Amino acid sequence: MLLHTIKEVREQVKEWKKQGLTVGLVPTMGALHNGHKSLIEKSVDKCDKTVVSVFVNPIQFCPGEDLDKYPRTLEEDNKLCDEIGADIVFAPTPAEMYGEGHILSNDFLTYVIPPYFYTDKLCGKSRVGHFDGVCTVVNKLFNIVQPDFAFFGKKDMQQLIILKKMVHDLNIPLEIIPCPIVREQSGLALSSRNKYLSDKGKVDALALSKLLFNIKACYNKGVNDIKALSETAYSFLNENHELEYLEFRDKDTLEEKKFADDNTVVFIAARVENVRLIDNIELN
Ligand code: AMP
């Protein structure tokens, strides 16, 4: 069932809650691929009812980013959700979420601001304000849908860690279910932004997952020196990659690691054909 208004979603969820049914929420920006599909399947499996939100959230895009050209494929997305067994696809307009006229002005919106310690690093460094936009919209979706479970991919690991912290700190009564990264057979992590890449760009993009797998293989062989692990990783990159960061951080607190250990996540962001790609790997 495709719904566009908060009121309709609330009414439907209220009915379900009256019947004592559990509700799962899968927040997305649409252009759904097998990564999203795995989250929706998990929710359908675990919960009586599943809501998938499809909303390209303007307040999480920074000036100059791809808000306008972000792929929008609602008809196909809705069909896919239906096939998987989701009960509601919630696709609001920006005006429905933020009110007419006030969409991009922080002066008119109450924001949820996650701790600076979590947002001043990795993607937060170049995407200033991005996680404020994410936390704000996810909080709104939580309040609209009131799910028992919310499903997020480890593909966006920093986002997942920040949202877990928000749910903990604000006592939001739901459980976050982290879901594994879905990759192409080649290793490339699925992303809606892969659509921007040419065939050659897709080949260049493989370096990211390759170097992460290599780091993990070296770690498993006993190497825990971060300088050594990073140096091997750099050898996978060439002039077609514009590296933004390669960092070893704690999987709960995002603190920088001195040595790689089982609690380490290796994060990478790089541009290929000017498309910003992110990936990560857990070392345990
Ligand atoms: P997005 O539409 O990019 O905002 O992503 C919506 C949700 O799908 C987020 O929780 C993402 O982490 C998750 N997701 C995106 N790509 C993947 C992937 N390749 N594997 C697993 N989850 C993913």
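Guide: Let us begin with contact, which means heavy atoms within 4.5 Å. Please keep in mind throughout that the model is predicted.

Visitor: Which residues does Met97 touch, leaving aside those up to four places away in sequence?

Guide: Met97 touches Ile6, Phe55, Phe90, Pro92, Val137, Lys140, Leu141 and Ile144.

Visitor: Which members of the largest nonpolar core touch the most other members?

Guide: This core has 44 residues, and Phe90, Met97 and Phe142 touch the most other members. Two or more residues come from each of H1, E2, E4, H4, H7, strand E5 (149-153), helix H8 (157-169) and strand E8 (264-272). The element that gives the most to this core is H7, with 9 residues. Another core, of 26 residues, lies apart from it; among its members are Leu211, Ile226, Ile281 and Leu283.

Visitor: How is a helix such as H1 to be read, and what does it reach from its first C-alpha to its last?

Guide: One compares the span with the expected value. Helix H1 (residues 6-18) has 13 residues and reaches 18 Å, close to the 18 Å expected at 1.5 Å a residue.

Visitor: Which residues of H1 are buried?

Guide: A residue is called buried when its relative accessible area is under 20%. In H1, these residues are Ile6, Val9, Val13 and Trp16. They lie on the same side of H1 because they cover an arc of only 90° around the axis. Exposed residues, namely Lys7, Lys14 and Lys18, are carried on the face of H1 turned away from the buried side.

Visitor: What covers the buried residues of H1?

Guide: The cover includes strand E1 (2-3), strand E2 (23-28), strand E3 (49-54) and strand E4 (88-90), together with helix H4 (94-98) and helix H7 (130-145). Just after H1 comes Gly20, with a positive phi of about 75°.

Visitor: How does one read a sheet?

Guide: Strands of a sheet pair through backbone hydrogen bonds, either parallel or antiparallel. Here, 3 strands form an open sheet in the order E7-E8-E9, with antiparallel pairing. Strand E7 (241-250) and strand E9 (275-282) are the edge strands, each pairing on one side only. On average, neighbouring strands of this sheet are turned by 15° against each other, direction ignored.

Visitor: How many bridges join E8 to E9?

Guide: There are 8 bridges between E8 and E9, which run antiparallel. Within E9, Leu277 is the residue that Ala270 stands opposite.

Note on methods:
Residues are numbered from 1 along each chain as its sequence is written. This is a predicted model: local features need pLDDT of at least 70, side-chain atom pairs count only at pLDDT 80 or more; totals for chains, interfaces and linings use all residues. Side-chain values use heavy atoms; hydrogens and water are left out. Helices (H or I, at least four residues) and strands (E, at least two) are DSSP runs, numbered from the N terminus. The expected span of a helix is 1.5 Å times one less than its number of residues. Buried means under 20% relative accessible area, exposed over 50%, partly exposed in between (1.4 Å probe, protein chains only). The arc is that of the directions from the helix axis to the C-beta atoms. A nonpolar core is a set of buried Ala, Val, Leu, Ile, Met, Phe, Trp, Tyr and Cys residues joined through side-chain atoms within 4.5 Å. Two strands pair if DSSP finds at least two bridges between them. Axes are lines fitted to C-alpha atoms, for helices over the stretch in contact, and angles run from 0 to 180 degrees between N-to-C directions.
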